[in-house]
There are 2 protein chains.
Amino acid sequence: MIIIGEKINGTLKKTAQAIAERDAAFINSLAARQAAAGADYIDVNAGTGGGNETTDLLWLIDIVQEAVNVPLCLDSANPAALKAGMAAVSQTPMVNSISGEARRLEGILPLVAEKESPVIALLLDDAGIPENLEGRLKIGRLLMENTRSAGIPDSRVFIDPLAMAVSTKTEGAVVAIDSMKILREEYPEVKFSVGLSNISFGLPGRTLINQAFLAQLLAAGLDAAIINPMEQGLINMLYATEMILGRDRFCRNYTTAFRKGRIEL
Amino acid sequence: MIIIGEKINGTLKKTAQAIAERDAAFINSLAARQAAAGADYIDVNAGTGGGNETTDLLWLIDIVQEAVNVPLCLDSANPAALKAGMAAVSQTPMVNSISGEARRLEGILPLVAEKESPVIALLLDDAGIPENLEGRLKIGRLLMENTRSAGIPDSRVFIDPLAMAVSTKTEGAVVAIDSMKILREEYPEVKFSVGLSNISFGLPGRTLINQAFLAQLLAAGLDAAIINPMEQGLINMLYATEMILGRDRFCRNYTTAFRKGRIEL
């Protein structure tokens, strides 16, 4: 599974402060620690504070690229910021994200097609996140129609079904998982990514809930996840679940991870 | 999910010793701690050491019934021992177990039918445990034919698909889970129970693996599990997974368990 490190995110208070103060050491450390913990991509989100998103994003990109040799996941709803970011990166980035919102489809899809970037596609549109399965599927199909029209192969699209917090919606995880299962049937080449931690918002024991959700997502065929790779319980559950699902021949990945301290109880 | 406490088992060294020495305090404590940790049934297995299984089982039953007000799960392959045990219990016990082995079917089924006990049915026969899915299904169907002929309603039968250790068989968990899914389709009223811990035999981090397996079993519709209820990680995963699967309206079970210290991180 592709791990996208979530920590450099301007909507988080500490990162926002580091961006405002141009605290390069803070960002550098967050990037380095996530890469060391196994992040395959580092998400960079400059937030929207102060209206300097593009400038802030370019600053973040410079710091992170200097810190680690890991590709970036450029995280913005703003086509201009993404365009500037895509011109500044040294390795093909993942783009996070398009959605069923007209502005994002029109502004971002051509960039993604041109740069041959993998792209995350959120199951929401101008009316917000549909609560039920049928609403999600409708947006998923619309997105696939659009990515195909833009010439983007299905295998470069990572659908994020968007999990609503179970504290506010009992079926929050189920709707996300069922969306994945059905869209995977309809689009066998498409990939799936989930921003994991929202599921546990507002509840105690968040990392336990995140682990339980990850286990079910992996069974449904998750390809990537936006997580905190320093959340040790998630990494443990990832290896153990892949093994349980019969995807770890002779338990080699699991036992190696254990020996190298990558799994830690 | 029904929790069957696994600790009073004469094939485990310490329990065997306690049985041999008639150490009632040891057995009493194991029973009390499992009940306090949430066991719905206490499994009692007298082992086969010394050929006194029936006497030993009756001794265990007395101690456990004095210690706790929880029904027993009488665990033996020996029809005579089970018959004596079923006559000695004060609450309807679960019977563990029948299988496709002729001796157990003939000896145990009539007892189960007469006493209206729930019964665990193992997917093995005189040739052993089939490695592949088709072999398991064949035994499952044979077992159901037999329980139905004996007049036992499907809803009192708990099929145990038997998980082989993933360390020796990469598909060990998958075969068990797939057996469950298919037999559940064929017999909608039948229940499923799994002896959980064998899956992780021979590997480090056993409780992590057991948790990952439990998460997948619950998604496949597990009704009961033979576990160590003091294994806190399993109890945590049980509550979190039920919530993720949309079975915990308003997260009430999860948050209550958290508040009462039943979930503990």
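Buried area is the accessible area, taken with a 1.4 Å probe, that two parts lose on being put together, summed over both. Between chain B and chain A, that comes to about 2800 Å². Keep in mind that this is a predicted model.

**How the copies are arranged**

**What the interface is made of**
- Chain A puts 35 residues into the contact, and chain B puts in 35 residues.
- Carbon and sulfur atoms give 74% of the area buried between the chains.
- On the chain B side, look for B:Thr170, B:Leu208 and B:Ile244: this trio supplies 25% of the area that chain B buries against chain A, more than any other three residues.
- There are two salt bridges between chain B and chain A. One of the residues to look for is B:Glu171, which forms a salt bridge with A:Arg249, and the closest N and O atoms of that pair are 3.2 Å apart.

**Helix α8 against helix α8**
- Helix α8 of chain A (residues 206–219) packs on helix α8 of chain B (residues 206–219) at an angle of about 65°, and their axes are 10 Å apart.
- The crossing of α8(A) and α8(B) is right-handed.
- From α8(A), the residues in this contact are A:Ala215, A:Gln216 and A:Ala219, and they meet B:Ala215, B:Gln216 and B:Ala219 of α8(B).
- Sorted by class, the α8(A) and α8(B) contact has four nonpolar residues, two polar ones and no charged ones.

**Backbone spots to check**
- In chain A, the peptide bond from A:Asn96 to A:Ser97 is cis, with omega near 25°. A:Ser97 is in strand β4 of chain A, which covers residues 94–99.
- In chain B, the bond from B:Asn96 to B:Ser97 is also cis, with omega near 25°. Here B:Ser97 is found in strand β4 (residues 94–99) of chain B.
- A:Leu162 isn't a glycine, yet its phi is positive, at about 65°. You'll find A:Leu162 in the loop between β6 (157–160) and α7 (172–186) of chain A.

**Salt bridges overall**
- Over all chains, the count comes to 18 salt bridges.
- One to look up within chain A joins the side chains of A:Asp223 and A:Arg184, at 3.0 Å from N to O. A:Asp223 lies in the loop between α8 and β8 (224–227) of chain A and A:Arg184 in helix α7 of chain A, so the pair ties together parts that are 39 residues apart in sequence.

Note on methods: Residues numbered from 1 in each chain as written. Chains lettered and ligands numbered in written order. Predicted model: local features only at pLDDT ≥ 70, side-chain atom pairs only at ≥ 80, totals over all residues. Heavy atoms only, no water. Axes fitted to C-alpha atoms, helices over the stretch in contact; angles between N-to-C directions. Helix = DSSP H or I, 4+ residues; strand = E, 2+ residues; numbered from the N terminus. Left-handed = near helix turned anticlockwise from the far one by under 90°. Contact = heavy atoms within 4.5 Å. Nonpolar A, V, L, I, M, F, W, Y, C, P; charged D, E, K, R; others polar. Salt bridge = Lys/Arg side-chain N within 4 Å of Asp/Glu carboxyl O.
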